[in-house]
Amino acid sequence: MIRFAVFTDLHYDHIPDGDRRIKEFLEIVRMKNPDFILSLGDLCYPAAENRKVIDALEQSGVPVYHTIGNHDTDQYSLEEVMDFLKIESSYYSFLIDDVKFIVLNTCYIRDGQKCVPFLKRNYDKTKQAYPWLPQVEADWLLQELESEDCYYVVFSHHSLANDFRDRGIANREAVRALLENRKVLFCMNGHDHGDGCTIINGIPYITLNSMSYIWHGMKELYAYDAKTHEKYPSLKNMILYQEPLHAFVEISDKEARITGMDGHYHTITPEDAEIGRTWNGVSIEPKVLSRTVKLPR
């Protein structure tokens with residue numbers, strides 16, 4: 001049995017209660033004692049004052065694996081992010097028993113015939129295809145999938161399936177083709193700040209809800225005190241969740257069981273912001289749905 005905890009999109013720098021969310025999440029982790037923690041990206045800026053976020057995760061007593069998110073790199077170089085997260089490569093894999101966990105870096109912009117790491121200033125100037133999985137990484141992924149003795153779980157910040165506007169990676173069909181006819185249990189991503197699951201050619205593509213909030217940008221709402229809004233100027237465009245949403249995954253010799261959770265909106269609801277309960281192609285109910293995936297044979 002392999003057990004791990006997974007969360008995404010804390011966005012520590014943009015919310016007033018990031019410390020509480022990490023603390024509550026880690027209290028549950030310590031009780032359940034999983035084999036590892038997996039972050040799907042957009043954790044916090046790689047700044048010195050945020051080292052405490054990484055330290056808290058590392059002090060959980062279990063290994064922590066990181067996925068790079070677009071907001072991790074939109075103002076910092078890829079090298080700075082990797083150094084902050086203490087990872088030697090922006091994409092990598094690790095093996096536990098007969099399951100290989102593959103972590104992709106999808107934070108690239110297609111600029112002509114080359115791919116360059118995402119930086120907000122570059123995207124604003126070029127408007128090139130984004131996000132994108134570079135060919136060198138796709139070639140590496142194909143090599144990682146060579147063993148017929150392994151099952152595979154693929155993590156990425158951006159979706160490999162979401163067709164809503166530019167949410168999923170632009171070359172997602174080509175990437176999915178690499179995964180098909182392999183023993184892929186599921187793919188899991190963050191980024192979309194909602195809950196969803198799409199099955200394509202037998203592979204579940206699961207979007208994990210944000211640990212913190214929904215970004216909508218449709219109607220400015222000032223539900224907190226003036227000092228809080230001044231310190232966190234993006235808060236007026238967010239719908240915060242009360243609980244730190246996350247999931248636990250158990251992989252046995254028969255199935256992968258994803259155990260989600262029910263939560264609540266903190267103060268603002270989608271109705272207050274005059275939006276529906278679906279956004280960016282996923283559900284923005286304050287929950288993570290539980291799912292069971294049978295192991296392919």
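Me: As I understand it, strands are DSSP runs of E with at least two residues, and helices are DSSP runs of H or I with at least four, numbered from the N terminus. With that settled, which strands each supply at least two residues of the lining of the second largest pocket?

Reply: Please note that this is a predicted model. The strands are β9 (184-189), β10 (196-200), β11 (203-207) and β20 (291-294).

Me: Which of them gives the largest share of that lining?

Reply: The largest share comes from β20, with four residues. The lining of this second largest pocket is made up of 17 residues, and Leu185, Gly202, Ile203, Pro204 and Val293 lie nearest its centre.

Me: How much space lies in it, and how do its lining residues divide?

Reply: The second largest pocket holds about 190 Å³ of space. Its lining consists of nine nonpolar, four polar and four charged residues.

Me: What is the volume of the largest pocket, then?

Reply: The volume of the largest pocket is about 890 Å³. Its lining comprises 27 residues, and those nearest its centre are Asn70, His71, Arg167, His191 and Trp215.

Me: Which elements each supply at least two residues there, and what is the lining by class?

Reply: Helices α3 (70-73) and α5 (120-126) each supply at least two residues of that lining, as does strand β12 (213-215). By class, the lining of the largest pocket has 10 polar, nine nonpolar and eight charged residues.

Me: How many cavities of 30 Å³ or more are there?

Reply: The count comes to one cavity of 30 Å³ or more. The largest cavity contains about 50 Å³ of space.

Me: Which residues line the largest cavity?

Reply: The lining consists of His11, Asp13, His14, Asp42, Leu43, Cys44, Tyr45, His71 and Asp72. Three of these lining residues are nonpolar, three are polar and three are charged. His71 also belongs to the lining of the largest pocket, where it is one of the residues nearest the centre.

Me: And His11, where does it lie?

Reply: His11 lies in the loop between β1 (2-7) and α1. Its phi is positive, at about 55°, although His11 is not a glycine.

Me: Which peptide bond is cis?

Reply: The bond from Tyr130 to Pro131 is cis, with omega near -10°. Pro131 is placed in the loop between α5 and α6 (135-144).

Me: Changing topic: how are two packed helices described?

Reply: Such a pair is described by the angle between the helix axes and by the distance between those axes.

Me: So what are the values for α1 and α2?

Reply: Helix α1 (residues 18-32) and helix α2 (residues 51-58) pack at an angle of about 10°, and their axes are 10 Å apart. Angles under 35 degrees count as roughly parallel, and α1 and α2 are therefore roughly parallel to each other.

Me: Which residues make the contact?

Reply: From α1, the contact is made by Asp19, Ile22, Phe25, Leu26 and Arg30, and from α2 by Lys52, Ala56 and Leu57. These contact residues comprise five nonpolar and three charged, with no polar ones.

Me: Last topic: how many aromatic pairs does the structure hold?

Reply: The structure holds 15 aromatic pairs. One of them is Phe36 with Phe94: the ring centres are 5.2 Å apart and the planes stand at 90°, so this pair is edge-to-face.

Me: Where do Phe36 and Phe94 lie, and what does the pair tie together?

Reply: Phe36 is in strand β2 (residues 36-39) and Phe94 is in strand β4 (residues 92-96), so the pair ties together parts that are 58 residues apart in sequence.

Note on methods. Residues are numbered from 1 along each chain as its sequence is written. This is a predicted model: local features need pLDDT of at least 70, side-chain atom pairs count only at pLDDT 80 or more; totals for chains, interfaces and linings use all residues. Side-chain values use heavy atoms; hydrogens and water are left out. Axes are lines fitted to C-alpha atoms, for helices over the stretch in contact, and angles run from 0 to 180 degrees between N-to-C directions. Angles under 35 degrees count as roughly parallel, over 145 as roughly antiparallel, 65 to 115 as roughly perpendicular and the rest as oblique. Contact means heavy atoms within 4.5 Å. Ala, Val, Leu, Ile, Met, Phe, Trp, Tyr, Cys and Pro count as nonpolar, Asp, Glu, Lys and Arg as charged, and the others, Gly among them, as polar. On a 1 Å grid over the protein atoms alone, a cavity is a set of points where a 1.4 Å probe fits but cannot get out, and a pocket is an open set with protein on both sides within 12 Å along at least five of seven lines; lining residues have an atom within 4 Å of a point. Grid points are joined across faces, edges and corners, and a volume is the space filled by probe spheres set on the points. Rings of Phe, Tyr and Trp (its six-membered ring) pair if their centres lie within 6.5 Å; planes under 30 degrees apart count as stacked, over 60 as edge-to-face and the rest as tilted.
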